Amino acid sequence: MTTIYDFTVKNDKGEDVSLDKYAGKVLLIVNTATKCGFTKQYDGLEELYKKYKDRGFEILDFPCNQFAGQAPGTIEEINNFCELNFGTSFDRFDKIEVNGENEAPLYTYLKDQISGKISKKIRWNFTKFLIGKDGVPVKRYDSMKKPANIAKDIEGLLDA
C-alpha cells in the first residue's frame with residue numbers, strides 16, 4: 001500500500017526530502033499562498049503547530065502560485081514573509097503545483113485518496129489534508145475550514 005512516506009519532495013532549500021522522515025507523526029499538509037484572503041490562516045496553523053508539535057504533530061507547508069498568482073516571489077521571499085508576519089516555525093517546502101499537468105505526485109496521491117465534496121481538484125489555497133501516524137490520509141478540509149476547527153481531529157489521531 002502506498003503512503004505519503006513513499007514520496008520525496010523538495011524543501012525550501014531545493015534539497016530532496018523523503019517524507020518517511022515524518023513516519024509515526026500526525027501531519028497536516030497545506031497548499032498555501034502569501035497574498036490570499038486566507039493567508040491569515042498562517043496564525044491558526046502556527047497555533048496548532050505550537051500546541052501539538054511536542055506530541056508528534058507536524059505541518060507541511062507547500063506554497064502554490066496556481067490560484068490567481070497569490071503566492072508570488074521566490075521561496076526565500078515567502079519564508080521571510082511568513083516568519084516576519086506570522087512567526088511560522090513549521091516546515092515549508094518549495095513551491096509546487098497541486099492541479100494539472102505539472103502537479104506534484106504527492107498531491108496526485110492525496111487527491112486520489114480523499115476527493116473533495118465537488119471534485120478531486122484542489123479548488124483554492126489553504127486546502128488541508130490530515131494524515132494519520134501510518135502515513136495514510138484521513139481527512140480533507142477546504143479553504144474555509146479554520147485551523148482551530150481541525151484541533152479535535154488532530155487530537156483524536158494523536159491519542160490513537
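Guide: Keep in mind that this is a predicted model. Start with strand E3: 7 of its 7 residues are buried, so E3 is largely enclosed by the rest of the structure.

Visitor: Which way do the E3 side chains point?
Guide: Val26, Leu28, Val30 and Thr32 point one way from E3. Leu27, Ile29 and Asn31 point the other way, and all of these residues are buried. In a regular strand, side chains alternate between the two faces of the sheet.

Visitor: What is the strand order in the sheet?
Guide: The order is E5-E4-E3-E6-E7. This is an open sheet of 5 strands with mixed pairing.

Visitor: Which strands are at the edges?
Guide: Strand E5 (91-92) and strand E7 (137-141). Each pairs on one side only.

Visitor: How many bridges join E3 to E4?
Guide: There are 7, and the two strands run parallel. As one example, Val26 has Phe57 in E4 as its bridge partner.

Visitor: And E4 to E5, how many there?
Guide: 2 bridges, with E4 (residues 57-63) and E5 running parallel. Asp61 stands opposite Arg92 in E5.

Visitor: Which helix packs on the sheet?
Guide: Helix H4 does, residues 151-159. H4 touches strand E3 (26-32), E4, strand E6 (128-131) and E7. The direction of H4 makes about 20° with that of E6.

Visitor: Back to Thr32. Buried or exposed?
Guide: Thr32, in strand E3, counts as buried because its relative accessibility is 1%, and the cut-off is under 20%.

Visitor: What does the Thr32 side chain make a polar contact with?
Guide: The side chain of Tyr42, at 2.9 Å.

Visitor: Which residues does Thr32 touch?
Guide: Leaving out residues up to four places away in sequence, Thr32 touches Tyr42, Asp61, Phe62, Pro63, Cys64, Ala71, Asn125 and Phe126. Asp61 came up already, opposite Arg92.

Visitor: Where is Phe126?
Guide: In the loop between helix H3 (105-113) and E6. Phe126 has a relative accessible area of 0%, so it is buried. Its phi is positive, about 65°, although Phe126 is not a glycine. Most residues other than glycine have a negative phi.

Visitor: What about phi at Ala68?
Guide: Near 55°, a positive value in a residue other than glycine. Ala68 is in the loop between E4 and H2.

Visitor: Is Ala68 buried or exposed?
Guide: Exposed, because its relative accessible area is 61% and the cut-off is over 50%. Phe126, by contrast, is buried.

Visitor: Gly73 next. Where is that?
Guide: Gly73 also sits in the loop between E4 and H2. Gly73 is partly exposed, with a relative accessible area of 37%.

Visitor: What is Gly73 in contact with?
Guide: Ile78 and Lys95, leaving aside its neighbours within four places in sequence. Gly73 and Lys95 are 22 residues apart in sequence. Their C-alpha atoms are 9.8 Å apart in space.

Visitor: How many residues line the second largest pocket, and which lie nearest its centre?
Guide: 14 residues line the second largest pocket. Asn11, Asp12, Phe90, Asp91 and Arg92 lie nearest its centre.

Visitor: Which elements supply at least two residues of that lining?
Guide: Helix H2 (75-86) and E5 each do. E5 is one of the edge strands we began with. Arg92 of E5 is the residue that Asp61 stands opposite.

Definitions and conventions:
Residues are numbered from 1 along each chain as its sequence is written. This is a predicted model: local features need pLDDT of at least 70, side-chain atom pairs count only at pLDDT 80 or more; totals for chains, interfaces and linings use all residues. Side-chain values use heavy atoms; hydrogens and water are left out. Two strands pair if DSSP finds at least two bridges between them. Helices (H or I, at least four residues) and strands (E, at least two) are DSSP runs, numbered from the N terminus. Contact means heavy atoms within 4.5 Å. Axes are lines fitted to C-alpha atoms, for helices over the stretch in contact, and angles run from 0 to 180 degrees between N-to-C directions. Buried means under 20% relative accessible area, exposed over 50%, partly exposed in between (1.4 Å probe, protein chains only). A polar contact is a pair of N or O atoms within 3.5 Å; within protein, one must be able to donate a hydrogen and the other to accept it, and residues adjacent in sequence count only if both atoms are side-chain atoms. On a 1 Å grid over the protein atoms alone, a cavity is a set of points where a 1.4 Å probe fits but cannot get out, and a pocket is an open set with protein on both sides within 12 Å along at least five of seven lines; lining residues have an atom within 4 Å of a point.
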